Amino acid sequence: MSDTPFGFGLPPEEPENGDEGKKKDPTGGGQGSGGPANPFGFGPGAGGDNPFAAMFGTMNPNDLGAAFQQLGQMLSYEGGPVNWDMAKQIARQTVSQGTPDGTKDASVGPSERSAVDEALRLADLWLDGVTSLPSGSVSTVAWSRAEWVEASLPAWQKLVDPVAERVGLAMGDVLPEEMQAMAGPLIGMMRSMGGAMFGQQIGQAVGVLAGEVVGSTDIGLPLGPAGKAALLPLNVERFGKDLSVPQDEVRLYLALREAAHQRLFAHVPWLRSHLFGAVEGYARGIKVDTSKLEDVVGQFDPSQPEQLQDALQQGMFQPEDTPEQKAALARLETALALVEGWVDAVVHEAAKSRLTSADALRETMRRRRASGGPAEQTFATLIGLQLRPRRLRDASRLWASLTDARGLDGRDALWEHPDMLPTAQDLDDPDGFVHHEQLDFSELDKMLGEAAKGPQKPAPDADDKGPAGSAETEDRKDDGKGDNDR
């Protein structure tokens, strides 16, 4: 698994079913397996030595018009750090090509929509008995792969833009200030190229992922609209194809996972910003080898865009080995492990007495993570994040132990604030966390509530013989005055 950030090389281990964009050149041309990692998916893995083969196909004469049109769009792009129009286009093209097993995307029919809706609603009923968090699904939906691409791109933008922004800023900082005005058009062209290259890779990655994910939360992050529980019937069927498990059980088990994720993200309001903020913190730690970038700017020939490609392959962008960046990455990895561990624990509790294949489905999902499933591969490629399967199992055991020790309410109350959650060290010693003295926040909540209401006039104490001016003295004066009046 790669430890490098977005756009900085594909992970060395490929998923078993792979994808056409990651396979080696069958003719043995190009770099092959021994060459440097291709940071943008051009090179041998996407069409030999032609850096635009992933976008332009086989470049036969009939494709040239479209190819030059796309090249013009790429060079004229003036948007943000990632060309998201290109990303969307390539993701849709990747989806339309189908998966390596020959499965093509298809519109979702009425019967499939009905089955998904029924499974998600039943899953929510089962979860009511194993968690104190209420349902987080406002609606249910069955998506095709193309519909998943459309729905998830806004979330990908939040994840990837901070990393790409850091790289884009570096392109404008490599020249002295007095030279930047003269080199403005060249720098602008390079930024357009960089935005297109980021867009190309994220589009290809999202398109491949669309052939594997089974819902909107399959990688541990909320990629779809809030409150919309979703399954992809085509991928659900593919997931259970070789499991010898009834399709209804497969669908229901995956619906339980989707519904559990929805509850967590709906009722832990800080969780989304915490996860995406950790990605931004990691992005701020990326450094750029400005000496290499200066060479590229000085020698860049717009007619030979592969020069920029070659420079990127030589490790121009590297994650900075600082305590701050390590902390950001550790915080994100731990938070994702806790999310996945909680979901694994509550889903197993809900399914074990109802689904005969619950244990087998649980282990299949865990092996999928361990062998490099969609979450591990995509995160390693895009932002350098490794989801460690060991952490997921440790987190699941910890949440199960918390259920036994503190009950559903005590376990789920830990999500009230990020400071209350287990840390990476607690995952190393789950028993120590489960059995240490539990803090009582009830008094603190009471004090905070009273402070929010403002100062209160203290009630008089009948036994208090306070000084003159106290509430008791004033009452006595009033009583005396009243007696005289009478």
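Q: Is glutamine 262 buried or exposed?
A: Glutamine 262 is buried, at a relative accessible area of 5%; buried is under 20%, exposed over 50% and partly exposed in between, with a 1.4 Å probe and protein chains only. This is a predicted model, where local features need pLDDT of at least 70, side-chain atom pairs count only at pLDDT 80 or more, and totals for chains, interfaces and linings use all residues. Residues are numbered from 1 along each chain as its sequence is written, and side-chain values use heavy atoms, leaving out hydrogens and water.

Q: Which helix is glutamine 262 in?
A: Helix H9, residues 247-267; helices are DSSP runs of H or I, at least four residues, numbered from the N terminus.

Q: What does glutamine 262 contact, leaving aside neighbours within four places in sequence?
A: Gly136, Ser137, Ser216, Thr217, Gly227, Lys228 and Ala229, where contact means heavy atoms within 4.5 Å.

Q: And what does the side chain of glutamine 262 reach at 3.2 Å?
A: The backbone oxygen of lysine 228.

Q: Switching to valine 279: buried or exposed?
A: Valine 279 is buried, with a relative accessible area of 2%. Its helix is H10, residues 271-283.

Q: How far is valine 279 from leucine 332 in space?
A: They are 7.1 Å apart, C-alpha to C-alpha, and 53 residues apart in sequence.

Q: Different topic. Which helix gives the largest share of the lining of the second largest cavity?
A: H16, with four residues. A cavity is a set of points on a 1 Å grid over the protein atoms alone where a 1.4 Å probe fits but cannot get out, and lining residues have an atom within 4 Å of a point.

Definitions and conventions: Helix = DSSP H or I, 4+ residues; strand = E, 2+ residues; numbered from the N terminus. Polar contact = N/O pair within 3.5 Å; in protein donor to acceptor, adjacent residues only side chain to side chain.
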